[in-house]
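Welcome to this short tour. Please open the model in your viewer and keep the selection tool at hand.

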Amino acid sequence: MYRYLDRLRRGERWWAAELALRIAGLALLGGCYRLGLLSHRLSTAQPSHVATLGEFAICAATFVSLTCGLALTFEGPGLFRFVPVPTHSAYFPRD
């Protein structure tokens with residue numbers, strides 16, 4: 001498993017990772033669509049009521065699936081690429 005993550009961190013092209021991560025992104029966007037329809041149906045149902053914790057959780061899951069789906073669909077395995085941080089920009093303690 002570490003071998004595969006190292007390949008992703010180095011930014012090497014790997015068609016299997018491209019395909020799997022982009023399909024996962026599309027699946028998350030499809031789930032976002034379905035959750036959006038559900039939250040719309042729940043918010044427009046009669047009689048008017050105060051939002052419940054379950055409805056809030058559905059809306060939060062919609063937001064999370066949208067952001068993760070867009071990131072995976074557009075960037076794919078590039079999300080796992082190693083980005084060096086200059087030492088003068090932030091303090092990171094050395095282990």
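Start with a surface view: the accessible surface of the protein comes to about 7,700 Å² (Shrake-Rupley method, 1.4 Å probe; for residues, only the protein chains shown count as cover), and 69% of that surface belongs to carbon and sulfur atoms. Before you click further, note that this is a predicted model, where local features need pLDDT of at least 70 and side-chain atom pairs count only at pLDDT 80 or more, while totals for chains, interfaces and linings use all residues. Residues are numbered from 1 along each chain as its sequence is written, and side-chain values use heavy atoms, with hydrogens and water left out.

**The overall layout**

Switch to a cartoon. You will find 3 helices and 0 strands, running α-α-α from the N terminus on. Helices (H or I, at least four residues) and strands (E, at least two) are DSSP runs, numbered from the N terminus. Of the 95 residues in the protein, 17% are buried; buried means under 20% relative accessible area, exposed over 50%, and partly exposed in between (1.4 Å probe, protein chains only).

**Stop 1: Arg9**

Select Arg9 in helix 1 (residues 2-10). Its relative accessible area is 41%, so Arg9 is partly exposed. Which residues does Arg9 contact, leaving aside its neighbours within four places in sequence? They are Phe80, Arg81 and Phe82, where contact means heavy atoms within 4.5 Å.

**Stop 2: Thr73**

Move to helix 3 (residues 53-75) and pick Thr73. Is Thr73 buried or exposed? Thr73 counts as buried because its relative accessibility is 17%. Beyond its neighbours within four places in sequence, show Arg22, Gly25, Leu26 and Leu29, which are in contact with Thr73.

**Stop 3: the largest pocket**

Helix 2 and helix 3 are the elements that give two or more residues to the lining.
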